[in-house]
Amino acid sequence: YLEDHGRKFYAWKEFLHICIYPCAFRYHKKKGNKAILAPFELGQLQVSKNNFQKISDEELAWIAQYEIIYFNNSISISALKTKARAYFDYYCSLLAVEEIEGFISSGDSRIYIRSAILACQKLGIPVAYFEQGPYGTTIIDFKGVNANLSFAGKGPKIINQAKQVTLVNTSADPKPSPDKYYSKQKKKKSEIISTMITLVLMYMPIHSRAFLPIELKQGSIKSLFNSRIRKWLVDPMMKLFQQSSSHHLFINDYILLLLQMPNDAQTVLHSRCYGDIRTLVSDIVLACPEGLNVIVREHPFYRGQYDSWLYSFIDKLSHRVVLDLDSKYENLIKNASIVATLNSTGGIDALRLGKTVVTLGDAYYSDIDAVYSVKARYELPQILRSAVLEPRDPLLIKSYFIWLMNNLIAGHYTDEALLNASSVIQAINSCWANA
């Protein structure tokens, strides 16, 4: 829809879709869109003297920062920097050859994205960032996504300001999810094959780096297999033969800990105090105020895929911590004393319901008066106690939530009936103009 509205209202001439996985590339080719599959085209464009751009070792480290942390020495830093240089050179040539006038980025952290962003900056090409917001909204920003958003840490600071905030964005009242543009599309055999190839790339063995672009790896085959077994066999059996896990704890006497995907960029780059889920969970349980328990909720797309230590740890301390399997998500939040998370969108869900939130990482809604933010591990016990004994003012929580929704654009980019496309285009143009 960006193409349609961009051409119709804003004289955008042509789009070039930079694809990372085969399924996206196949989709654009099916639609007749101009597209490239970047990871498999590195080195195909020669870097001319006119297109050559200097890049420092620090800049290469910044490009590959996520991968350096994620692969944790299983791939050498020098190899990742070499890959970063290959992407950077490729994008410098591509952007110049295609005469690109503006870049729209769907992220700001992976090696294949940061290299393009830096190439744009070197060549003076404006960048606009987009991502999905909560409750079917879209975020367009000139600075970055998630914790890097330009309005991160901002919002109504005091009650007098909070009383003046009124709801403008109607999407703040969550509604049933609309139909998606892809829901009625039938996939051909070639599209199914490209999807399967994409899965192989996302869950490739680490030794496949010799002949496959390892930067596309999102997890292990073992974790994927375990999650399927858990979803299709273990969880149904547990629900059949035992009571709901929520029955093991009393109402309003628990801290709800919302887990995130360990390989997510927000966990890897913006966790502030916690580099792994193991340390996070153990710290929360050990710091939990007396008289309270902990309920752990897995990320819905990562159920059963966490390190086996997590499940063993919870089993050993079942009198203090429970892994929730089947409680209604909203009720779990409503009945919690407080909600703790690194920087999950689940924190926004809790704010919408008026709950006090404790963030343990960098989020666009941390560092504001409406939440408690942990900046160092030693602070956790005191902050948890303060959050339980002195919850944030409900009016301030509500005012921040409304303020946030007023800064988002209603409508999600995957909706079949797209809302506010012109507002999205205007926001992108505004980002480019202010670059």
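This is a working chat about a predicted model of one protein.

User: What are the ground rules for this model?

Analyst: The model is predicted, so local features need pLDDT of at least 70, side-chain atom pairs count only at pLDDT 80 or more, and totals for chains, interfaces and linings use all residues. Residues are numbered from 1 along each chain as its sequence is written, and side-chain values use heavy atoms, with hydrogens and water left out.

User: How many helices and strands?

Analyst: The protein has 17 helices and 12 strands. Both are DSSP runs, numbered from the N terminus: helices are H or I with at least four residues, strands are E with at least two.

User: What share of the residues count as buried?

Analyst: Of the 435 residues, 50%. Buried means under 20% relative accessible area, exposed means over 50%, and partly exposed is in between (1.4 Å probe, protein chains only).

User: Which residues have the most contacts inside the largest nonpolar core?

Analyst: Ile63, Phe88, Tyr91, Phe103, Ile111, Tyr112 and Leu216, in a core of 36 residues. Helix H3 (57-63), helix H5 (77-97), helix H6 (111-123) and strand S4 (127-133) each give two or more residues to this core. The largest share, nine residues, is from H5. A nonpolar core here is a set of buried Ala, Val, Leu, Ile, Met, Phe, Trp, Tyr and Cys residues joined through side-chain atoms within 4.5 Å.

User: What does Ile111 touch?

Analyst: Leaving out residues up to four places away in sequence, Ile111 touches Ile63, Ala64, Glu67, Leu80, Lys83, Ala84, Tyr87 and Glu215. Contact means heavy atoms within 4.5 Å. Apart from that core lies another, of 35 residues, with Tyr274, Ile277, Ala287 and Ala340 among them.

User: What caps the N-terminal end of H11?

Analyst: Asp276 does: a side-chain oxygen lies 3.2 Å from the backbone nitrogen of Arg278.

User: Switching to charges. How many salt bridges?

Analyst: The structure holds 16. The criterion is a side-chain nitrogen of Lys or Arg within 4 Å of a carboxyl oxygen of Asp or Glu.

User: What does Asp283 pair with?

Analyst: The side chain of Asp283 meets that of Arg377 in a salt bridge (2.8 Å, N to O). Arg377 is in the loop between strand S11 (372-373) and H15 while Asp283 is in helix H11, so the pair ties together parts that are 94 residues apart in sequence.

User: Buried or partly exposed, those two?

Analyst: Asp283 is buried, with a relative accessible area of 13%. Arg377 is partly exposed, at 42%.

User: Where do Arg85 and Asp89 lie?

Analyst: Both lie in helix H5, four residues apart, about one turn of the helix. Asp89 is buried, at 18% relative accessible area.

User: Which residues are linked in a network of salt bridges?

Analyst: Arg272, Asp362, Asp367 and Lys375. In the Asp367 and Lys375 bridge, the closest N and O atoms are 2.4 Å apart. Asp367 is partly exposed, at 37% relative accessible area. Lys375 is partly exposed too, at 48%.

User: Now His270. Where is it?

Analyst: His270 sits in the loop between helix H10 (265-269) and helix H11 (277-287). At 10% relative accessibility, His270 counts as buried. His270 touches several residues beyond four places away in sequence, including Ala147, Asn343 and Asp362.

Notes
A polar contact is a pair of N or O atoms within 3.5 Å; within protein, one must be able to donate a hydrogen and the other to accept it, and residues adjacent in sequence count only if both atoms are side-chain atoms.
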